[in-house]
Amino acid sequence: TLQLKPLKGIKLELSGTYQETEDKMPGNEDLDVAYSPCFLGYVKASWEGKNMTGALMGTYVDSMNTYWDETILNHDRSFGNRIGREVPGYFKLTANLRLKDIFLDGTFINFRVTNVLDKEIYYPTFTNTPWADLGTIGRARSWLLSVGYKF
């Protein structure tokens, strides 16, 4: 993790994790572990002013495989296969803007946009959703407007 504060009120953050997970169960040594991305990354740029804060946050999740099911019968009459396809990695960008003390002290308006780039995001299927063998699709771009009072 790396954090920088280049100017007053501005903060930059960058972090990542790389992992190599192995399945030691007999017969599974050559299989990629299900639901285990090799790389996770996170970046955030934020600023804070007198009555306004904002941030851009990006998250990267590497590709993932699904569960290996020993009971699946293959076309060649052998057994064992994934319950769904590998899903590709994705990058999701989120933006947030908060205006404070707009109407009265303590009031705020918050505007958040998730999946700013409107990327198609797939999550690997699970045993309770075997019909979704291509993966389950994540949310498209979405907006949230909040008005509140902090006391």
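Trainee: What pattern does the chain follow along the sequence?
Mentor: Reading along, you get β-β-β-β-β-β-β-β-β-β-β. That's eleven strands and zero helices. Keep in mind that this is a predicted model.

Trainee: OK. What radius of gyration does the chain have, next to a compact globule of 151 residues?
Mentor: The chain comes out at 21 Å, while a compact globule of 151 residues would be near 15 Å. Along the principal axes, the C-alpha atoms fill a box of roughly 70 × 30 × 30 Å.

Trainee: And how much of the chain counts as buried?
Mentor: 27% of the 151 residues.

Trainee: What about contacts, what share comes from residues 24 or more positions apart?
Mentor: 53%, if you take the contacts with a separation of 6 or more.

Trainee: Let's go inside. Which residues make up the largest nonpolar core?
Mentor: Five residues: Val 61, Met 64, Val 87, Tyr 90 and Ile 121. As background, nonpolar side chains in soluble globular proteins tend to be buried together.

Trainee: Pick Met 64. What does Met 64 touch, beyond residues up to four places away in sequence?
Mentor: Tyr 35, Ser 36, Pro 37, Glu 86, Val 87 and Pro 124. Of those, Val 87 is also listed in the core.

Trainee: Where does Asn 28 lie?
Mentor: Asn 28 also lies in the loop between β2 (10-18) and β3 (39-48). Its relative accessibility is 11%, so Asn 28 counts as buried. Setting aside neighbours within four places in sequence, Asn 28 is in contact with Asp 23, Trp 68 and Glu 70.

Trainee: Which other residue has a positive phi without being a glycine?
Mentor: Asn 115, with phi near 55 degrees. Asn 115 sits in the loop between β8 (107-114) and β9 (122-123).

Trainee: Is Asn 115 buried or exposed?
Mentor: Buried, because its relative accessibility is 1%.

Trainee: How does the lining of the largest pocket split by class?
Mentor: Five nonpolar, five polar and four charged residues.

Trainee: Last one, Ile 72. Which strand is Ile 72 found in?
Mentor: Strand β5, residues 68-73. Ile 72 has a relative accessible area of 25%, so Ile 72 is partly exposed.

Trainee: What is Ile 72 in contact with, leaving aside neighbours within four places in sequence?
Mentor: Ser 78, Phe 79, Gly 80, Asn 81, Arg 82 and Ile 83.

Trainee: And what separates the C-alpha atoms of Ile 72 and Gly 89?
Mentor: 26 Å, with the two residues 17 residues apart along the chain.

Notes
Residues numbered from 1 in each chain as written. Predicted model: local features only at pLDDT ≥ 70, side-chain atom pairs only at ≥ 80, totals over all residues. Heavy atoms only, no water. Core = buried A, V, L, I, M, F, W, Y, C linked by side-chain atoms within 4.5 Å. Buried < 20%, exposed > 50% of the residue type's maximum accessible area, 1.4 Å probe, protein only. Contact = heavy atoms within 4.5 Å. Helix = DSSP H or I, 4+ residues; strand = E, 2+ residues; numbered from the N terminus. Nonpolar A, V, L, I, M, F, W, Y, C, P; charged D, E, K, R; others polar. Rg over C-alpha atoms; globule rule 2.2 N^0.38 Å.
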